[in-house]
Amino acid sequence: MRSLGSNLRRLARICRVLAAHGAAIVLARTALGRRSADWRATRWLVRRLPPLDLPGPQRLSAVLEQLGGTFIKFGQMLALQPDILSFEYCDALSNLLDRVSPCSFAAIEQVFLEEHGRRPDDLFDRFDPEPIATASIGQVHVAWLGERKLAVKVQRPTVKTDFAGDILLMASAVRAIRFLHLKPLYWLIEPLSEFLGWTREELDYRIEARYMERLRANARDNAAEQVPEVFWTYTTSRILVAEFLAGLTLLDYLRARGAADEMTLRRLELAGFEPQGFARNIIDNFLGDAFRYGMFHADLHPANLMILSGNVVGYIDFGITGVLSHYSRRHLVGLTLAYTRADLDGMCEAFFKVSELDRDSDPQGFREGLNRMADSWYELKGREHRLRKNFTLVMLDMLRLSRATGIWPERDVIKYIRSSIAIDGLITRFAPGFDIGSYLALVCDRYLRLDAWNVLFSYDRIVEWSAAGGSLARDGGPRAASLFGRLARGELAAGSAGSAGAGSPGVETGAAARAFNLATVASGVALLMVATGERAVLGVNLFTAEVVVVAAAVVLSLKTLRRSP
């Protein structure tokens, strides 16, 4: 009964907010144009409604903020889609990313008392009671331990209650769709289930902290990516303490550019910020994390990206993180590359590989639909197909088509696609001249080649290489040296001309043939060295054997060439 009551209260609140704003819109379009006498008659109602003169973008932002919880998360998603909403709406909704109304400091202290049994001033040397950022689930304060500056994210005291109603409503909707077999609404099951999954994860900051720690380890050798250090001593399910990254967010830059704030723009320029380079780093980091390590930041809105010195991208807020299997990674690389090359068959095959198909799925309908939509995606320039539609709209078309044909991408694949869409919408805003399609093709081609090498040298292949390398390391060098010596002295025939006696025309041909044979062997072994990627460490290993063979080939090739007339 308690769950039902919470569910009904949440539903009632949603209805009240929507009804109030709906009435305000109606009055704004009618009563404001009436005479003052008529207007006074409705004044008592106006005082009980939201402002009547709110423009559409501000109205939508106000509605979502008042609804709170998951509706704010929905507004954050819309803020990143300038191809769906106008820039005016995106700018208004961007305030939901980090400027939600804060909760009181007394409420923050209460969370600390419940989690640690101590107030924040007792845990840290200093703690700023004013938050620097506020969002749907928590707000961020600055604290100090000695000279170490920290970012302290504290969950709103009522967030679990606020989210619980939405979660129950969504879970009930999924159950109803399945129980009643409402096939026209089946497409809602997967996105709603995925949303419920990440919402539960995001409400436990310890899960976010573990993701952050893993991503920080993965980024250790990447100079263009910085992930904060987690302070586990102070971190709980409702409090997350991490290293403070000093810099402006990408959202700060967008606001400064919109307001023509020359001082802030100049400061960023002096710090080395260059939009095109920053865009490349965002794509490189995202694809590198996804394809090399199988884990990526999946909430890439501009308030979560920090502009650090030298175009380094700093990442914060890891509540939504994607995890991909090696199988999914390989086919997502293929999907992205096929998209940039207008390879529709490749797109279909890769998409099917990372999706669930059942007896109700229609893969042929998907193929036919893709061919129809491709006419609006590409244009033919010379012999090449060029994109005329950006990544966001293409991926949205594919997701709509997948729902219509009953082909459901895996949950983390959806996270990858949505993150790709977010990146595209983001780069469109801060670096509008950047050619995302060409750069995606370049990076994905690189990772596809890398994956091909990884498959070639998989575990089974490595075992084979190791076994062969052991024999080669033991006696391959002496055997190769003996073979090269016999070839150089002419003891082995190198073709029919190689058997000609000294002073005959065959001598020159024989020497050339021997040189060619030696060069072929050397080239083959050199290619083997590159392909195997052996570390340059001498010892009883494959690398040492390869070095011996190549050295012998080079020395004896020179000797053979000196003997040639």
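What covers the buried residues of α14? The close-ups below take up that question and a few others.

**View 1. Helix α14 and its cover.** This is a predicted model, in which local features need pLDDT of at least 70 and side-chain atom pairs count only at pLDDT 80 or more, while totals for chains, interfaces and linings use all residues. Residues are numbered from 1 along each chain as its sequence is written, and side-chain values use heavy atoms, with hydrogens and water left out. Helix α14 spans residues 262-270, and its buried residues are Thr 264, Leu 265 and Leu 268 (buried means under 20% relative accessible area, exposed over 50%, partly exposed in between, with a 1.4 Å probe and protein chains only). Their cover includes β7 (248-249), α13 (250-258) and β9 (305-308). Helices (H or I, at least four residues) and strands (E, at least two) are DSSP runs, numbered from the N terminus.

**View 2. The other side of α14.** Here Glu 262, Met 263, Arg 267 and Leu 270 are exposed. After α14 comes Gly 272, with a positive phi near 95°.

View 3. Beyond its neighbours within four places in sequence, Leu 287 is in contact with Arg 292, Tyr 416, Leu 440, Val 443, Cys 444 and Tyr 447 (contact means heavy atoms within 4.5 Å).
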